[in-house]
Amino acid sequence: MRVSSDFKDYLLDRYGSPEEAFEAYKLYADGWDPAMKCRLAMCYNYAFGTERDIPKAVYWFIMAAEQGYPEAQAFLGVCYAMGRGVPQDQEKAADLIEKAAEARYPEAMYLMGEFYYLGQGRPVNIPKAIDWFFKGSEANDSDAKYSLAREYITGEYLKQDLDKGIPLLEDAAGLGSTDAMLLLGSMYEKGQGVEQNMFKARMYYTEAEKLGVQEAGESSERVLRRLLSDDDDDGNK
């Protein structure tokens with residue numbers, strides 16, 4: 001599951017420090033509010049304000065999921081999919097994530113698309129997969145937008161339509177999808193589906209590198225060398 005800096009920023013803005021947030025969530029988690037239970041689980045899962053403790057994270061995800069809290073259902077589903085803190089069970093993972101998706105939790109919509117696309121916890125069903133990608137894209141999930149864009153660009157399961165695919169890819173990149181950044185960088189570098197533009201290629205590669213994608217840094221350097229080489233060639237004319 002993706003946990004962006006938004007959650008960390010929320011902890012800092014709301015409580016001053018992750019440690020103070022953890023103590024507050026621990027205090028309120030025994031009450032009714034499933035959001036407090038889910039946030040406490042996330043603190044244990046990602047070592048925010050406390051040491052990582054996967055069994056405790058799973059316990060609190062279960063508590064929140066049993067109250068029908070979509071985010072907890074999605075996180076717990078991923079735990080079952082990965083066998084993290086619970087026995088691996090792809091069908092149970094899909095059941096939990098589908099509940100979250102039906103409650104319109106954006107990332108769960110994308111994950112259900114992947115489950116149907118890959119046959120993970122569900123039989124392979126490409127139309128259902130693409131339907132969930134559409135729903136996740138409409139809910140502004142970056143991975144759903146990327147997956148839908150990929151289908152429009154490759155034309156594998158949808159009619160190829162670059163006019164639909166590229167804007168979706170740009171939206172996904174703007175939302176932080178490094179896969180989208182890498183694909184856009186490659187397309188602009190090679191002039192595939194778009195007019196070749198080395199400056200845009202390097203921009204997307206650099207953004208992906210900032211988010212920790214090592215191969216993007218190598219691609220950015222390659223494009224920079226080519227830009228400098230072109231400048232030298234122009235200067236020698």
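Contact here means heavy atoms within 4.5 Å. The model is predicted. Helix α4 spans residues 54–65, and its buried residues are covered by elements that include α3 (34–46) and α5 (70–82). Those buried residues are Ile 54, Ala 57, Val 58, Trp 60, Phe 61, Ala 64 and Ala 65.

The 12 residues of α4 reach 16 Å from first C-alpha to last, close to the 16 Å expected.

## Aromatic pairs

There are 10 aromatic pairs. One of them joins Tyr 59 and Trp 60 edge-to-face, with 5.0 Å between centres and 85 degrees between planes. Tyr 59 is partly exposed at 42% relative accessibility, whereas Trp 60 is buried at 12%.

Phe 61 and Phe 75 are stacked, 5.1 Å centre to centre and 15 degrees between the planes. Phe 61 belongs to α4 and Phe 75 to α5, so this pair ties together parts 14 residues apart in sequence. Phe 61 is buried at 0% relative accessibility, and Phe 75 is buried at 4%. Tyr 46, Phe 48, Phe 61 and Phe 75 make up one aromatic cluster.

## Nonpolar core

The largest nonpolar core has 79 residues, and Phe 61 and Leu 169 have the most contacts inside it. Beyond its neighbours within four places in sequence, Leu 169 contacts residues including Tyr 146, Ile 153 and Met 187.

## Charges over rings

Lys 135 lies over the face of Trp 132, 4.5 Å from the ring centre. The charged end of Arg 150 sits over the ring of Tyr 117, 5.2 Å from its centre.

Definitions and conventions: Residues numbered from 1 in each chain as written. Predicted model: local features only at pLDDT ≥ 70, side-chain atom pairs only at ≥ 80, totals over all residues. Heavy atoms only, no water. Core = buried A, V, L, I, M, F, W, Y, C linked by side-chain atoms within 4.5 Å. Buried < 20%, exposed > 50% of the residue type's maximum accessible area, 1.4 Å probe, protein only. Helix = DSSP H or I, 4+ residues; strand = E, 2+ residues; numbered from the N terminus. Expected span 1.5 Å × (residues − 1). Phe/Tyr/Trp six-rings, centres within 6.5 Å; stacked < 30°, edge-to-face > 60°. Lys NZ or Arg CZ within 6 Å of the ring centre and 35° of its normal.
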